Amino acid sequence: MDTLERIPQLEVVSLFNKRKSRYIAIVLNELEAEKLSDDQYKRIRKIFLDGLNSYTRGLFPIIGIDIEGLNE
């Protein structure tokens with residue numbers, strides 16, 4: 001049995017989200033340090049967050065987790 005198979009799916013999703021939140025905070029802090037206009041910052045932030053969310057959502061089906069069917 002794979003290690004991943006022994007971990008409840010909700011726990012896997014939670015672990016991914018915790019790690020993702022940490023990386024988001026790091027990147028957004030670095031982005032805030034740049035000399036960007038408010039509009040530029042908002043646009044880059046949206047692109048980054050949307051892309052990361054899409055990437056994360058794309059990982060779950062690969063490892064066999066249907067996130068739409070999970071209740072947190």
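Helices, taken as DSSP runs of H or I with at least four residues, and strands, taken as runs of E with at least two, are numbered from the N terminus. The exercises below apply to a predicted model.

**Exercise 1. Determine how many helices and strands the protein has, and in what order its elements run.**

Step 1. Counting the runs gives 3 helices and 0 strands in the protein.

Step 2. Read from the N terminus on, the order of the elements is α-α-α.

Step 3. For the chain as a whole, 17% of the 72 residues count as buried, and among the contacts between residues at least 6 apart in sequence, 64% join residues at least 24 apart.

**Exercise 2. Describe how H2 and H3 are arranged relative to each other, and state which residues make their contact.**

Step 1. Two packed helices are described by the angle between their axes and the distance between the axes.

Step 2. In this model the axes of H2 and H3 come within 11 Å and cross at roughly 160 degrees.

Step 3. Angles over 145 degrees count as roughly antiparallel, and H2 and H3 are therefore roughly antiparallel to each other; their crossing is right-handed.

Step 4. On the side of H2 the contact is made by Val13, Phe16, Lys20, Ile24, Val27, Leu28, Leu31 and Glu32, while H3 contributes Tyr41, Ile44, Arg45, Phe48, Leu49, Leu52, Asn53, Thr56, Leu59 and Phe60.

**Exercise 3. Decide whether Thr56 and Pro8 are buried, partly exposed or exposed, and place each residue in the structure.**

Step 1. Thr56 lies in helix H3, and because its relative accessible area is 7%, Thr56 is buried.

Step 2. Not counting residues up to four places away in sequence, Thr56 touches Phe16 and Lys20.

Step 3. Pro8 belongs to the loop between helix H1 (3–6) and H2, and because its relative accessible area is 44%, Pro8 is partly exposed.

Step 4. Although Pro8 and Ile65 are 57 residues apart in sequence, their C-alpha atoms are 10.0 Å apart in space.

Methods. Residues are numbered from 1 along each chain as its sequence is written. This is a predicted model: local features need pLDDT of at least 70, side-chain atom pairs count only at pLDDT 80 or more; totals for chains, interfaces and linings use all residues. Side-chain values use heavy atoms; hydrogens and water are left out. Axes are lines fitted to C-alpha atoms, for helices over the stretch in contact, and angles run from 0 to 180 degrees between N-to-C directions. Angles under 35 degrees count as roughly parallel, over 145 as roughly antiparallel, 65 to 115 as roughly perpendicular and the rest as oblique. A crossing is left-handed if the near helix is turned anticlockwise from the far one by less than a right angle, and right-handed if clockwise. Contact means heavy atoms within 4.5 Å. Buried means under 20% relative accessible area, exposed over 50%, partly exposed in between (1.4 Å probe, protein chains only).
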